[in-house]
Amino acid sequence: YEHFYVIYCKFWELDKDHDFLIDKDDLAHYSQSALSYQIVDRIFEQVPRRFTSNEPGKMGYEDFVWFILSEEDKSSDTAIDCWFKAADLDCDGVIRPREMWAFYEEQLKRLRDSTQEPVLFEDM
């Protein structure tokens, strides 16, 4: 029950119009905007998992539960599958340096904009 309440509250906070659906803009605010726009796009392209919501461009509560469980416990098989599919931009079953660079580049800009020192791509 405790976990249900926490997940529900996070969903409710993101669902600004309280229609029980969230869109890309809503999800982009998850965890103090920690997700990159590219990852949010991949989630809404439904690459990791098809949404159960029948509303185009919207994620329902069931979809959000699946997302948040994958986000909070990245060691589960479901989470590993989710994030691998999200990062595999060309869906060929292999994550190549160019795909890693695509995500790194966005985060690098965000770090520079916040005046934080970035980690070099070569050091990862």
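User: How do the axes of H5 and H6 cross, and how close do they come?

Analyst: In this predicted model, the axes of H5 and H6 come within 8 Å and cross at roughly 95°, where axes are lines fitted to C-alpha atoms, for helices over the stretch in contact, and angles run from 0 to 180 degrees between N-to-C directions. That makes H5 roughly perpendicular to H6, a class that covers 65 to 115 degrees, whereas angles under 35 count as roughly parallel, over 145 as roughly antiparallel and the rest as oblique.

User: Which residues meet there?

Analyst: From H5, Trp-66, Phe-67, Ser-70 and Glu-71 meet Thr-78, Ala-79, Cys-82 and Trp-83 of H6, with contact meaning heavy atoms within 4.5 Å. Sorted by class, this contact has five nonpolar, two polar and one charged residues.

User: What else does Trp-83 touch?

Analyst: Leaving out residues up to four places away in sequence, Trp-83 touches Ile-39, Ile-43, Phe-67, Ser-70, Glu-71 and Lys-74. In the largest nonpolar core, which has 24 residues, Trp-83 is also among those that touch the most other members, together with Leu-27, Tyr-30, Ile-43, Met-59, Phe-64 and Phe-67. Such a core is a set of buried Ala, Val, Leu, Ile, Met, Phe, Trp, Tyr and Cys residues joined through side-chain atoms within 4.5 Å.

User: Which helices supply this core with at least two residues each?

Analyst: H1, H4, H5 and helix H6 (77-87) do, helices being DSSP runs (H or I) of at least four residues and strands (E) of at least two, numbered from the N terminus.

User: Switching to aromatics, how many pairs are there?

Analyst: The count comes to 17 aromatic pairs, taking rings of Phe, Tyr and Trp (its six-membered ring) with centres within 6.5 Å, and calling planes under 30 degrees apart stacked, over 60 edge-to-face and the rest tilted. Phe-20 and Tyr-61 form a tilted pair, 5.7 Å centre to centre with 35° between the planes. Phe-20 lies in the loop between helix H1 (2-14) and strand S1 (21-22), and Tyr-61 in helix H5 (residues 61-72), 41 residues apart.

User: Is Tyr-61 buried or exposed?

Analyst: Tyr-61 is buried at 15% relative accessible area, while Phe-20 is partly exposed at 37%; buried means under 20%, exposed over 50% and partly exposed in between, with a 1.4 Å probe and protein chains only.

Terms used. Residues are numbered from 1 along each chain as its sequence is written. This is a predicted model: local features need pLDDT of at least 70, side-chain atom pairs count only at pLDDT 80 or more; totals for chains, interfaces and linings use all residues. Side-chain values use heavy atoms; hydrogens and water are left out. Ala, Val, Leu, Ile, Met, Phe, Trp, Tyr, Cys and Pro count as nonpolar, Asp, Glu, Lys and Arg as charged, and the others, Gly among them, as polar.
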